[in-house]
Amino acid sequence: MATWRVTVSDECIAAACCLGIAPKRFALGDDGRSHPTSDLIEADDAVLDAMISCPMEAIGVHDAQTGEPIER
Amino acid sequence: MAESSSLAEAPVPFPFPPPPSIFHPAPKLKELQHSRPVVQIEFPDGKTAWLVTRYDDVRQVLIDPRFSRAAAASPGMPDTGLGQAAADTILGMDPPEHTRLRRLVAGAFTARRVEALRPRVAKLVDELIDRLLTCAQPADLVENFSLPLPVQVICELLGVPVEDRHVFHEWSDKVLGDISRDPREIQAAFGSLEEYFRRLVAVKRTESADDLITALIAARDDQDRLSEEELVRLCLTLLIAGHETTANQINIFLLNLYEYPEQLERLRDRPETIPQAVEELMRFAQLGASGAGLPRVTTEEVELSGVRIPAGAAVIPAMTAANRDPALIADPDRLDVARPQTAHLGFGAGVHHCLGAQLARMELQEALRGLLSRMPRMELVTPVDELSFKDGMVVRSLRALPVRW
């Protein structure tokens, strides 16, 4: 199974949609922004749902080996 | 932390006595936030719920998946005013059903897509002000500006003929109206909106257009990603949510700025700070009268501020109280448009975070920019306590806002 790299950019406004959609994959940090609970994960569609639902398009999901963005 | 005794105390009757002004939450909310931040309340029909008023707790209720909207939308649970408009739509769903629908529309409301709409919205603001300036004084800002602006924007985005606005606005008003008065009237209005969109979808199926309803029709017909009923209800939810809240928020923002004229002056002097001011106004303004957000129901026992809430209990997050929590910001009951940005809950949080938040922000910014720059001597004709609000609406909805310039 593919390994993905999950990122949250500075665009994050802590709307926290991702925490509701993929609660195991995202958590709010002390800076008030969302962060992935783990940068590298096994492929997980919930993270793509979170990426697409993010109002700021702040979530990035890439193939950890190739660096290619994961398609919706 | 004396909360362990809460269980033994009698539930507090709800709704609370109304606040003395439209500028602050009901005093009881602030009192409870201080003394009993997680407290049982009792509705007139005898239903009970836990009311949550502190910032951290409210935020958790909105984000934590153990607080379910779907369970709260079932019969027998208390209703804070949206009725069917919340129970039978995306507002009454949990992931993964909620996510399936939200994914289909989220792309149309991202910050990037909304920014691309800004020039169009700025132009609409200009045109509305051009026309307003030709009106006899005093003129009604609701009819001539704050309502037509968001109606035009959401109609263009969805692909709804704006000429129909008088028809659907009447139904929309009823759907957001007083649920305790006559539920049949609300059901009838909801049904009329469903029928309107069933017909519109049928027409749009035969045409091609670059709008959100056409994209949703493709998602249904080509990919079977939502049912016909979900399609119709999603459209009506977007139409209602896309204009009632923004229209009234424009009015409420203005009332707040005119109540605190030094803030209005500051904004006139420094219009480049309007985006920051919109965030502070989102935190401060009291769009809803009751202060109660949509209820959730616990899927398991959850502890908040030392209070154990059992599984299956209704929980009501009080966002307006949370936005006035000293834990969020010092001196929370003062409007200060120069404040640093706070993580306010004016658009909620979690999976139900307002889909149109970025669009609303941009419309509010452009509305204020237009009015402050082009009508710098605008005055409100009627004192605030003599203004008339529509009865029993979920959001404070002015009948009219007469202005001179």
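Mentor: Start with the open sheet of 6 strands in chain B: its order is 1-2-3-9-6-4, with mixed pairing. Strands here are DSSP runs of E, at least two residues long, and helices are runs of H or I, at least four long, both numbered from the N terminus. Two strands pair if DSSP finds at least two bridges between them.

Trainee: Which are the edge strands?
Mentor: Strand 1 (12-13) and strand 4 (67-68) of chain B, and each pairs on one side only.

Trainee: Before we go on, how is this thing numbered, and is it experimental or predicted?
Mentor: Residues count from 1 along each chain as its sequence is written, while chains are lettered from A and ligands numbered from 1 in the order in which they are written. It is a predicted model: local features need pLDDT of at least 70, side-chain atom pairs count only at pLDDT 80 or more, and totals for chains, interfaces and linings use all residues.

Trainee: Fine. What does strand 2 of chain B do in that sheet?
Mentor: Strand 2 (residues 38-42) runs antiparallel to strand 3 of chain B, joined by 5 bridges. The two form a hairpin with 5 residues between them. In the turn, B:Gly46 has a positive phi of about 95°.

Trainee: Which residues are bridge partners there?
Mentor: B:Val38 is partnered with B:Val52. B:Gln40 is partnered with B:Trp50.

Trainee: And which strand pairs with strand 3 in the parallel sense?
Mentor: Strand 9 (residues 314-317) of chain B, over 3 bridges. B:Val52 has a bridge partner here too, B:Pro317.

Trainee: Why is strand 3 of chain B largely enclosed?
Mentor: Because 4 of the 5 residues of strand 3 (residues 48-52) are buried. Buried means 20 or more other C-beta atoms within 10 Å of the residue's own; exposed means 12 or fewer, and partly exposed is in between, with C-beta atoms placed from the backbone.

Trainee: How much of chain B is buried overall?
Mentor: Buried residues make up 47% of its 405 residues.

Trainee: What about overall size and make-up?
Mentor: Chain B has 16 helices and 11 strands. Its C-alpha trace spans about 65 × 55 × 40 Å along the principal axes.

Trainee: Now helices. Which residues of helix 9 of chain B are buried?
Mentor: In helix 9 (residues 165-175) they are B:Phe168, B:Trp171, B:Ser172 and B:Val175. They sit on the same side of the helix, because they cover an arc of only 100° around the axis. The arc is that of the directions from the helix axis to the C-beta atoms.

Trainee: And the face turned away from that side?
Mentor: That face carries the exposed residues B:His166 and B:Glu170.

Trainee: Where is B:Phe145, and what does it touch?
Mentor: B:Phe145 is in helix 7 (residues 141-146) of chain B. It is buried, with 25 other C-beta atoms within 10 Å. Not counting residues up to four places away in sequence, B:Phe145 touches B:Leu128 and B:Leu132. A contact means C-beta atoms, placed from the backbone, within 7 Å.

Trainee: How many residues of chain B are in contact with chain A?
Mentor: 19 residues of chain B, meeting 15 residues of chain A. Helix 5 of chain B gives the largest share of chain B's side, 4 residues.

Trainee: Last one: how confident is the predictor?
Mentor: Chain B averages a pLDDT of 93, and 97% of the residues score at least 70. pLDDT is the predictor's confidence in each residue, from 0 to 100. It stays under 50 over residues 1-6 of chain B. The complex gets an ipTM of 0.93 and a pTM of 0.94.

Key:
Two residues are in contact if their C-beta atoms, placed from the backbone, lie within 7 Å.
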